[in-house]
Amino acid sequence: MELYLIRHAEAVELGEQGITTDEERPLTSKGERQAEDAARALRSRGVVLDTLLTSPLVRARQTADILQRVWDQPTSFVQVCDELSPGVKMRKLSKALMKMEAERVGLVGHMPQLGDFTAWLLGEKSVQIDLAKAGVALVVCGDAPGKGLGSLQWLVTPEWYTDGKAPSSNP
């Protein structure tokens, strides 16, 4: 299974624009551009996903919707996944992924959860994986995502998309 771990793009800060809860924070205009750039770069590099799972938080859902639109996928391509909510245990997310019949899955979520999940997949909790906003990591897990079963193939930041340096999808 190929997992494309995608951090949500830049969002409005808590307290701005009348936003009073973390769950309600929408993307900024820069965040919308970051998500579009990420989708274009990944599509141009031949990344094809079977499905895109997203945290239920507004900024992650908006990032996923932009990815879906730019990739020109049907609306059923994006699925809300409660296990991508901040604070959910990695084993719960892993179990949800194991139930899927998909080979290439995108996960739109948050830090530090995505970084922690990546480290868990690599088998080392002490590994510090820091995904930039709209950054993407590709972890290949063989048949199933589990602790220590993953191999980090690449990790990119939004600057790589605009510089045309994003890696190909072939591990």
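User: What makes the meeting of the side chains of Arg 40 and Asp 37 a salt bridge?

Analyst: Their N to O distance is 3.3 Å, and a salt bridge is a side-chain nitrogen of Lys or Arg within 4 Å of a carboxyl oxygen of Asp or Glu, so the pair meets the rule. This is a predicted model, in which local features need pLDDT of at least 70 and side-chain atom pairs count only at pLDDT 80 or more, while totals for chains, interfaces and linings use all residues. Residues are numbered from 1 along each chain as its sequence is written, and side-chain values use heavy atoms, with hydrogens and water left out.

User: Why are Arg 40 and Asp 37 separated by about one helical turn?

Analyst: They are separated in this way because they stand three residues apart in helix α1, helices (H or I, at least four residues) and strands (E, at least two) being DSSP runs numbered from the N terminus. Through shared partners, salt bridges join Arg 40 and Asp 37 with Glu 36 and Arg 69 into one network. Within that helix, which spans residues 29-44, Arg 40 and Glu 36 are four residues apart, and the closest N and O atoms of their salt bridge lie 3.8 Å apart.

User: Why is Arg 40 called partly exposed?

Analyst: Its relative accessibility is 39%, and the term covers what lies between buried (under 20% relative accessible area) and exposed (over 50%), with a 1.4 Å probe and protein chains only. Asp 37, at 28%, is therefore partly exposed too, and Glu 36, at 21%, also counts as partly exposed.

User: How many salt bridges does the count come to?

Analyst: The count is seven, and among them is the pairing of Arg 25 with Asp 22, at 3.0 Å from N to O. Here Arg 25 is buried at 10% relative accessible area, whereas Asp 22 is partly exposed at 29%.

User: Which residues have the most contacts inside the largest nonpolar core?

Analyst: They are Leu 52, Leu 67 and Val 136, in a core of 27 residues, the term meaning a set of buried Ala, Val, Leu, Ile, Met, Phe, Trp, Tyr and Cys residues joined through side-chain atoms within 4.5 Å. At least two of its residues come from each of β1 (2-7), α1, α2 (58-71), β5 (136-140) and β6 (151-156), and α2 gives the most, with six. Apart from this core lies another, of 20 residues, which include Leu 84 and Cys 141.
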